[in-house]
Amino acid sequence: MSPREKAATLALLALLPAAALAALLLGETFYITLATRIAVLALAAVGLNIALGLGGLVSFGHAAFFGLGGYAAGVLATNAFNAEPLAFGLAGTTSMPAISLVAVLLCGLVALPIGLVSLRTSGVYFIMITLAFAQMIYYFAISWPAYGGEDGLSIYVRNAFPGVETAKPFSFFVLVFALLLAALALFHRLQASRFGAALEASRQNPVRLAALGISPFSIRLVAFVLSAMVTGLAGALFADLNRFVSPSMLSWHMSGELIVLVILGGKGRLAGPLAGAALYVAFEHVLGGLTERWQFFLGLVLLAVVFLARGGLIGLLAGRPRHG
Amino acid sequence: MAEPVLAVDRLEKAFGALKATNGVSLDLRPGEIHALIGPNGAGKSTLINQIAGALAPDAGTIRFLGRDVTALSTAARARLGLARTFQVSSLLPDFSALRNIMLAAQARQGSSLRFLRPVLSDRTLTEPAMAILARVGLTARADVPAAELSHGERRQLEIAVALAMQPKAFLLDEPMAGMGPEGSKTLTAFLDGLRQEAPILLVEHDMDAVFALADRVSVLVYGQVIASGSVAEIRSDPEVRRAYLGDAA
């Protein structure tokens, strides 16, 4: 990473908790929630950035994992609240570490067959197949009355994390931000590792990678599963942030939003998802306050990024990526 | 006669009515350079692609190191020790010259499912890669992205990547393509020494290079091997002269 990118990354990482802290001191709880929203969306996009940014896999179905993570939190909490056991005699839980673990493992397990099927295709077919899988799960959630169906599912009390008062907005922000930092550290290590080298090679030239003796398919499959797991964790946190889960978390709009976050911030760049999420939420908040049609202006920004600044916000701040 | 490293037996491949490979049999023995020549459209690249595993033949078998590899994937054949270069350089454009070679070294060592240790400080990758860069004379360009290398440098990097795989056989698809006379001469001398490491199946249009290097030459015309033999035999074969060499020989 160039010194300029390092500086931009650290600045972005410092800015978000600084903003949350300022909001705490000023008593502006709403802005703490906004900062938390940025952190959660950034975490989801870090997940997608593994597949899309490093591997060049344009998954249009990552809402599936975001939503499954959310439903893992919602369903476990609801069952715990109602003291009803889940299937196979398992009890619900309101423990966030347990919920996170379930969300991550569930997403990994679901991503494996989806990846096995969809990674046999590429380009526009890959986009369509991942979309189709996500929509299947979306319609399943809509027609599942036990957990709210179309109306969604409320989590009455935010789930608990040992040593953290999750009901306090700032404490919850710190928790989410710490998980985002952990995911970013993982992404950074991953990108620099042997696996990361093979994954980036599969994006640049899969024919060359195969000619070296590394099967692009297996590298992509592992990346897809890891990517889903991180996005699933974000989904569980998103549910807890809003204390609400609905099928909209699973819809293709959400998949598109995640792609927008990654492209807006700078795909394949460490801080890209954070930059993208910050910009997106700022737009949503500032322009959304002025007009209901704020997404029109977001579209204009996205056009500008695609035509003028391929590297996204990080590309503007830190120049082109360096691969050592 | 030594057991061939690579043996192609009655290979067939048709695209519609066109028989691009029409019953081709040839082999590659230890320590030799076997040149494959023929006019444009003779099916040389189609043949190389089938041997490398990029294209599935309709019939026939490919044996490598005594093993039937006809049904194996490109990656599996590469892992067995078959290294190919491409007619049009096929590199990792964003990666530096050094990282292109490091990935080949990584592939040879086996595991790419290592997630945490950074490659750039991994001396089991950087040291052999630097040594190979020095061998092909690209040391000064180690940190330059492959996309920014000159055409000649990319051709050299293609060879360097193949070297880093420490293969049991090389498939070189027109390594001289687009190189100036000086570059061709240097590369000819380099390939001359390379046959000691592993035998080379060489597809090449540069007849000076072919005649200087080849232990054996096979001539492919319309998907068929019309002649196979030593350089002297091929140069004097009337049918080859008529079909391909013309006045050049």
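The model is predicted: local features require pLDDT of at least 70, side-chain atom pairs count only at pLDDT 80 or more, and totals for chains, interfaces and linings use all residues. Residues are numbered from 1 along each chain as its sequence is written, chains are lettered from A in the order in which they are written, and side-chain values use heavy atoms, with hydrogens and water left out.

**Helices and annotated spans of chain A**

Helices (H or I, at least four residues) and strands (E, at least two) are DSSP runs numbered from the N terminus. Helix α9 of chain A, residues 216-242, contains 27 residues and reaches 39 Å from its first C-alpha to its last, close to the 39 Å expected at 1.5 Å a residue. That expected span is 1.5 Å times one less than the number of residues. Since 21 of its 27 residues are buried, α9(A) is largely enclosed by the rest of the structure. Here buried means under 20% relative accessible area, exposed over 50%, and partly exposed in between, with a 1.4 Å probe and protein chains only. After α9(A) comes A:Arg243, with a positive phi near 50°.

An unreviewed UniProt entry annotates several spans of chain A as "transmembrane region", including residues 38-58 and 209-238. UniProt positions follow the numbering used here, feature names are shortened, and annotations may be inferred rather than shown by experiment. Residues 38-58 of chain A are 81% helix and 0% strand, with end C-alpha atoms 22 Å apart. For residues 209-238 of chain A, the figures are 90% helix, 0% strand and 37 Å.

A nonpolar surface patch of about 750 Å² includes A:Phe296, A:Phe297 and A:Leu300. Patches comprise residues with over 30% relative accessible area and no salt bridge, like charges being joined within 9 Å and nonpolar side chains (Val, Leu, Ile, Met, Phe, Trp, Tyr) within 5 Å. Accessible areas come from the Shrake-Rupley method with a 1.4 Å probe; for residues, only the protein chains shown count as cover. A:Phe296 lies in helix α12 (residues 294-308) of chain A and counts as exposed at 53% relative accessibility.

**Salt bridges**

The structure holds 18 salt bridges over all chains. Each is a side-chain nitrogen of Lys or Arg within 4 Å of a carboxyl oxygen of Asp or Glu. The table lists examples.

| Salt bridge | N to O distance |
|---|---|
| A:Glu165 and A:Lys168 | 3.7 Å |
| A:Arg203 and B:Asp94 | 3.1 Å |
| B:Arg216 and B:Asp27 | 2.7 Å |

The pair of A:Arg203 and B:Asp94 crosses between chains, from helix α7 (residues 194-204) of chain A to the loop between β6 (82-85) and α3 (97-109) of chain B. A:Arg203 is partly exposed at 26% relative accessibility, and B:Asp94 is partly exposed at 34%.

B:Arg216 and B:Asp27 are both buried. Salt bridges with shared partners join B:Asp27, B:Arg29, B:Glu32 and B:Arg216 into one network.

**Strand β9 of chain B**

Six of the six residues of β9(B) are buried, so this strand is largely enclosed by the rest of the structure. Buried residues cover both faces: B:Arg216, B:Ser218 and B:Leu220 on one side, and B:Val217, B:Val219 and B:Val221 on the other.

Two strands pair if DSSP finds at least two bridges between them. Strand β3 (residues 33-37) of chain B pairs with β9(B) in the parallel sense over four bridges, and B:Ala35 has B:Val217 as its bridge partner. Strand β10 (residues 224-229) of chain B pairs with β9(B) in the antiparallel sense over five bridges, with B:Ser218 opposite B:Ser228. β9(B) and β10(B) form a hairpin with two residues between them, and B:Tyr222 in the turn has a positive phi of about 50°.
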